[in-house]
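Colleague: I am new to this structure and would like to learn how to read it. Could you show it to me and take me through some of its features?

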Amino acid sequence: MECEEAHERMKEAFKSRALALKREFHSRESVEATDNEEFKGFLEPSDGKADSDAMAYMRREGRLHHSEHIFLAEAFLDMASTAEIEQQQEVFAWSLKLLRQQWTHLDWQNNYLSEPLGIVRLCSETPFMWSIFHTVKLFEKALKISGARKEYTTLHKCSTSSRLHPMASHLSWMLPPLLKLLRVIHSLWSPSVNQALPEKLKAAMSMSDVELHALLGKENPKLSKGFVTFADGSQTDTSKEGYTVLGLSISIGNPFFNCLDIDSVMVTVALVENIQSMQFRHIKQLIRLVLIYLVKSCPSEMWEVWLEKLLDPLFIHVQNVLCFSRSINLHEGKAKVPDVENMPSELDVKVDVMAEKLLRDVTHETCSLLSAMASLEVNIGLPFLEPSGLVNRMDTSSLKDLNDFAITSMVGFLLKHKGLSHPILQICLEVFSWADSEAVKNISVFCAAVVLLAILANDVEVRRFVSKDLFNAILEAMKLESNSIISANLVGLCRKIFFYLRDRDPSLRRALLSLTDSTRRCLILFEEDLTKTSSTEEQNQCMKRFLISVERYELLALNPPIMEDDSCDDIPNLSPSVMARVIENRARSKAHKKKMAEYRKQMGAMRKAYYSNPDNPLFESNKEPDEWFDSDGKHEITDEELKKYMEQLNASGGFEMGDFPNVYEFGMIQPMKLNERSVAELDKYIKMALEEFNQKENSNFECVEIEKASVLGGLRTEYYITFKAKDENRVSTFTFQALIFYDYVCEKRHYETSVGICRLKPDTAPGHGK
């Protein structure tokens with residue numbers, strides 16, 4: 001009896017001491033303002049050691065509950081935040097000693113963490129489950145306290161410092177069981193494990209009320225005590241706390257990466273083994289709480305060991321699910337997100353809102369991760385390209401191998417590993433097509449580093465990606481009004497790519513020539529203006545003015561004003577040469593505004609298709625401007641020729657078009673030469689057209705002769721075919737007209753052939769395309 005009373009008195013003394021410490025600590029307005037001398041009496045090593053030994057004794061005797069020990073340890077950790085590093089290390093040592101003994105014990109790890117269904121057994125042991133949750137929370141608190149002082153956060157950056165982070169010595173025993181726990185939690189969503197789980201646990205794996213309210217932007221409900229139990233949703237909280245502990249441990253730096261008890265394989269298996277089954281909210285937390293710390297803290301000599309194994313499966317999966325979900329959202333009006341698939345049907349509207357929010361969150365976190373990879377701290381090997389003005393031409397002999405940058409630049413490292421870089425670069429291109437300015441802003445930071453490497457490195461594949469794919473993706477991003485707030489970033493990227501790579505890759509000039517009002521003469525004048533200034537800001541303005549002048553109605557991100565007349569007063573500082581050209585083009589198009597609307601649309605499509613084909617000739621940059629336009633004897637279409645062309649188009653609907661051999665305007669319907677190859681191609685289209693005609697008219701016509709054909713090239717190629725056909729049940733031969741469309745279907749990313757018209761040739765053909 002006396003022994004029990006002594007134990008109770010000791011426990012009450014510990015509680016009183018802990019409460020006194022917490023009151024003293026929380027009464028301070030600022031930890032930094034606390035006078036350390038005032039609290040040294042509470043933190044004397046002998047005092048703490050005695051308390052620790054007493055608590056260990058009471059635990060062995062069954063007189064001190066685990067939650068009470070957590071309470072006491074938390075109080076001493078609060079006070080440790082005001083101590084010096086050496087004193088803090090001692091406090092952590094004795095306050096975490098007892099937790100270490102339980103946490104590292106193999107019995108509970110073998111029983112609950114050795115296989116996925118062990119978590120089911122853990123759910124049935126509520127007191128022990130609570131102790132696991134609170135132990136992880138205590139680790140988080142210790143790491144946050146030890147990292148609160150500024151001098152602690154810089155320790156891992158100083159390799160010569162003799163001081164160790166206060167928590168460095170505890171990582172080797174804290175993290176291995178935690179990684180096992182995270183691996184088991186992640187496995188719960190894999191199909192093979194999920195189907196064997198009890199229904200109660202499956203229900204607990206859905207989003208908690210707190211997460212639902214957060215997604216809907218509502219105030220969080222009051223949490224009951226059961227909120228953190230596995231039966232009521234604590235698996236989500238435990239994984240979040242586990243991510244936080246792991247991320248804070250990684251941020252310590254070298255002590256984590258040099259720890260012999262932790263390796264990249266262990267971490268990779270725990271985090272991404274079941275990445276394909278993970279829900280969006282978990283991927284978001286994984287990236288934010290762990291992976292961003294990893295890319296910022298990993299030493300460059302360990303990138304090979306850590307980054308490729310861990311990031312490759314993540315980016316492959318994220319690229320697939322983001323593109324799929326965005327595509328479904330675009331075509332069906334709602335995102336497909338696994339987190340909300342089993343929500344009640346009466347919550348349809350709310351489910352759509354939550355799904356879109358989760359999709360946006362994962363997109364933003366992915367782009368933030370890529371932005372972190374392009375930060376200066378992990379790309380010290382990338383020089384400033386324009387520190388003291390522009391370099392008009394890059395000396396190709398000074399270009400380095402990409403491998404030289406991979407040692408000191410994380411972006412260079414990623415590009416060197418093609419398997420890792422492929423999904424990342426695909427994500428970059430996809431993001432530019434989404435109406436999400438925050439994602440585009442972050443992805444632009446990463447793309448800026450890729451552009452810099454394309455300029456400085458002698459890597460053909462990277463240069464082609466930047467010059468062709470990325471440049472066109474940025475131009476497409478300027479068509480989205482949502483990107484108006486970051487239009488300066490997009491214009492700057494375009495300017496840098498074109499300025500430094502235009503002579504190394506002709507696809508850049510082709511891309512600008514494909515814009516609606518662009519001509520080769522305009523491009524020459526633009527390049528002249530671009531090279532006259534040595535200011536990056538003036539060059540960016542020059543690029544913006546050019547883009548507005550040649551694509552003013554499409555590039556909504558540049559916010560071009562609507563012009564009521566043909567003046568250029570609303571485009572400030574436009575050079576006189578370009579201004580004169582723009583006014584001339586507008587005046588000529590205005591005269592034929594109604595008749596030319598469709599024609600200009602077709603001309604733009606044809607121009608894009610023409611210049612996207614590398615086999616088509618492009619003017620050489622080392623020739624004089626006169627040679628570019630006059631040496632081949634061709635000229636822009638004149639008013640007289642245009643009038644004649646429009647008369648033919650209106651009279652025949654495109655089936656009776658003459659040849660304009662010396663005109664280099666694009667988007668015109670041109671006669672086809674009938675040779676063995678073209679006849680074979682046209683014959684396939686005629687059979688398709690007659691098959692539809694015969695089925696509709698209950699006839700049996702077959703082609704006997706092709707009279708003539710015309711073609712309009714572009715993303716939609718149009719074939720205007722006139723041919724003779726005969727029905728076996730009829731004596732006469734009839735003349736037919738067929739219009740065939742060869743379309744590029746963006747959603748399916750391939751070409752499809754369809755029949756626009758198949759008819760007997762009328763005496764007077766209707767208008768174009770009818």
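Modeller: Gladly. Let us begin with one idea: two residues are in contact when they have heavy atoms within 4.5 Å of each other. Please keep in mind that this is a predicted model.

Colleague: Which residues does K284 touch, leaving out those up to four places away in sequence?

Modeller: With those left out, K284 touches D361, V362 and E365. You will find K284 in helix 17. H364 is 80 residues from K284 in sequence, but the two C-alpha atoms are 8.7 Å apart in space.

Colleague: Is K284 buried or exposed?

Modeller: The idea here is a cut-off: a residue is buried when its relative accessible area is under 20%, and exposed when it is over 50%. K284 has a value of 16%, so it is buried.

Colleague: Where is I287, and what does it touch?

Modeller: I287 is also a residue of helix 17, which runs over residues 280-297. Its relative accessible area is 0%, so I287 is buried. Setting aside residues up to four places away, I287 touches I292, E365, T366 and L369. E365 is therefore a contact of I287 and a contact of K284 as well. Between I287 and S368 there are 81 residues in sequence and 8.8 Å in space, taken from C-alpha to C-alpha.

Colleague: Let me step back to the whole protein. How many helices and strands are there?

Modeller: There are 33 helices and five strands. The protein has 770 residues, and 51% of them count as buried. Its accessible surface is about 37000 Å², with 50% of that belonging to carbon and sulfur atoms.

Colleague: What share of the contacts joins residues 24 or more positions apart?

Modeller: Among contacts with a separation of 6 or more, 70% are between residues 24 or more positions apart.

Colleague: How many residues of helix 25 are buried?

Modeller: Of its 15 residues, 12 are buried, so helix 25 is largely enclosed by the rest of the structure. Among them are G492, C494, R495 and Y500. The buried residues of this helix pack against helix 23, helix 24, helix 26, helix 27 and helix 28.

Colleague: Could we look at one of those residues? What does L490 touch?

Modeller: L490 belongs to helix 25 and counts as buried, because its relative accessibility is 0%. Apart from residues up to four places away in sequence, L490 touches F432, V440, S444, I474, A477, M478 and N483. One of these, F432, is 58 residues from L490 in sequence, with 9.9 Å between their C-alpha atoms.

Colleague: At roughly what angle do helix 23 and helix 25 cross?

Modeller: To read a helix pair, look at how their axes approach and at the angle between them. The axes of helix 23 and helix 25 come within 10 Å and cross at roughly 10°. The two helices are therefore roughly parallel. In this contact, residues of helix 23 including V440, S444 and V451 take part, along with residues of helix 25 including L490, L493 and I497.

Colleague: And how do helix 25 and helix 27 lie, parallel or perpendicular?

Modeller: Their axes come within 12 Å and cross at roughly 95°, so helix 25 and helix 27 are roughly perpendicular to each other. R495, F498 and F499 of helix 25 meet L523, F526, E527, L530 and T531 of helix 27.

Colleague: How many disulfides are found?

Modeller: A disulfide is a covalent bond between the sulfur atoms of two cysteines. A search of the whole structure finds zero disulfides. As for individual cysteines, C522 counts as buried because its relative accessibility is 4%, whereas C703 is partly exposed at 27%.

Colleague: One last feature, please. What is the phi of N698?

Modeller: N698 has a positive phi of about 55°, although it is not a glycine. This residue sits in the loop between helix 33 and strand 2. Its relative accessible area is 74%, so N698 is exposed.

Notes. Residues numbered from 1 in each chain as written. Predicted model: local features only at pLDDT ≥ 70, side-chain atom pairs only at ≥ 80, totals over all residues. Heavy atoms only, no water. Helix = DSSP H or I, 4+ residues; strand = E, 2+ residues; numbered from the N terminus. Buried < 20%, exposed > 50% of the residue type's maximum accessible area, 1.4 Å probe, protein only. Areas by Shrake-Rupley, 256 points an atom, 1.4 Å probe, with all protein chains shown as cover. Disulfide = S-S within 2.5 Å. Axes fitted to C-alpha atoms, helices over the stretch in contact; angles between N-to-C directions. Parallel < 35°, antiparallel > 145°, perpendicular 65-115°, else oblique.
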